[in-house]
Amino acid sequence: MNGESFLTPYRGQRYHLSEWRHGAQPRTVEEFFNMKHSSARNVIERCFGMLKGRWEIVHSKSFYPVKTQCRIISVCCLLHNHIRREMSVDPLEAEEADIATNAENGMGGIDLITHVKSSNAWTLRRDEMPQNMFNTWRNRV
């Protein structure tokens, strides 16, 4: 189901990053999209995992207004980036590998999205976007 700003991977195609190791190449547009989708999801999960590990305020549910929540996340990201830039060794660096492994194995403790309003326009967008990406990638390889 695809909805506004929510694109799902293609069913019945390789998806998880572990399936793309050892030089495996996507054979179809759908596999290429799924590979990119999985990679982006993995990066996002690691980023949120690091933020949750560093800042307790983003570790649990928030009852602040949405505008305040956005500001809290922005400030946490800015402070996190400052720490990473200024410290020669980040104590969360070692934990990042564990977080990535847990997220890849589905053990990240992430709340699941339970409802997205379906949209044919977003499904068409999902089908057009990977075709262009795949063609660009094919021309480079």
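Biologist: Why are α1 and α2 called roughly perpendicular to each other?

Modeller: In this predicted model, the two helices pack at an angle of about 90°, with their axes 11 Å apart. Angles of 65 to 115 degrees count as roughly perpendicular. The value falls in that range, so α1 and α2 are roughly perpendicular.

Biologist: Which residues make the contact of α1 with α2?

Modeller: From α1 come Met50, Leu51 and Arg54. From α2, which covers residues 66-86, come Cys76, Cys77, His80, Ile83 and Arg84. By class, that contact has five nonpolar, one polar and two charged residues.

Biologist: Which residues of α1 and α4 meet?

Modeller: Val29, Phe32, Phe33 and Lys36 stand on the α1 side. On the α4 side are Arg126, Met129, Pro130, Gln131, Met133, Phe134 and Trp137. The classes here are eight nonpolar, one polar and two charged residues.

Biologist: Now the rings. How many aromatic pairs does the structure hold?

Modeller: It holds four.

Biologist: Why is the pair of Tyr10 and Phe33 called edge-to-face?

Modeller: Two values decide. The ring centres are 5.6 Å apart, and a pair needs centres within 6.5 Å. The planes stand at 80°, and over 60 counts as edge-to-face. Both conditions hold, so Tyr10 and Phe33 form an edge-to-face pair.

Biologist: What does that pair tie together?

Modeller: Tyr10 lies in the segment before α1, while Phe33 lies in helix α1 itself. The pair therefore ties together parts that are 23 residues apart in sequence.

Biologist: How do you know that Tyr10 counts as buried?

Modeller: Its relative accessibility is 13%. Buried means under 20%. The value is below the cut-off, so Tyr10 counts as buried. Phe33, at 5%, also counts as buried by that rule.

Biologist: What sits over the ring of Tyr10?

Modeller: The charged end of Arg126 does, 3.9 Å from the ring centre. Arg126 is also one of the α4 residues that meet α1.

Biologist: Which residues do ring pairs link into a cluster?

Modeller: Phe32, Phe134 and Trp137. Trp137 has its place in helix α4, residues 120-140.

Biologist: What makes Trp137 buried?

Modeller: Its relative accessible area is 17%. The limit for buried is under 20%. Trp137 passes that test, so Trp137 is buried.

Biologist: How far apart are Trp137 and Phe32 in sequence and in space?

Modeller: They are 105 residues apart in sequence, but 9.1 Å apart in space, C-alpha to C-alpha. Trp137 touches Phe32, as well as Gln25 and Pro26, not counting residues up to four places away in sequence.

Biologist: Why does Ser118 count as partly exposed?

Modeller: Its relative accessibility is 48%. Buried is under 20%, exposed is over 50%, and partly exposed lies in between. Ser118 falls in between, so it counts as partly exposed.

Biologist: Where is Ser118 found, and which residues is it in contact with?

Modeller: Ser118 is in the loop between α3 and α4. Leaving aside neighbours within four places in sequence, Ser118 is in contact with Met1 and Asn2. Ser118 and Gly3 are 115 residues apart in sequence and 4.8 Å apart in space, C-alpha to C-alpha.

Biologist: How many helices and strands are there in the chain?

Modeller: Four helices and zero strands. Of the 141 residues, 26% count as buried. Among contacts with a separation of 6 or more, 65% come from residues 24 or more positions apart.

Definitions and conventions. Residues numbered from 1 in each chain as written. Predicted model: local features only at pLDDT ≥ 70, side-chain atom pairs only at ≥ 80, totals over all residues. Heavy atoms only, no water. Phe/Tyr/Trp six-rings, centres within 6.5 Å; stacked < 30°, edge-to-face > 60°. Buried < 20%, exposed > 50% of the residue type's maximum accessible area, 1.4 Å probe, protein only. Lys NZ or Arg CZ within 6 Å of the ring centre and 35° of its normal. Axes fitted to C-alpha atoms, helices over the stretch in contact; angles between N-to-C directions. Parallel < 35°, antiparallel > 145°, perpendicular 65-115°, else oblique. Contact = heavy atoms within 4.5 Å. Nonpolar A, V, L, I, M, F, W, Y, C, P; charged D, E, K, R; others polar.
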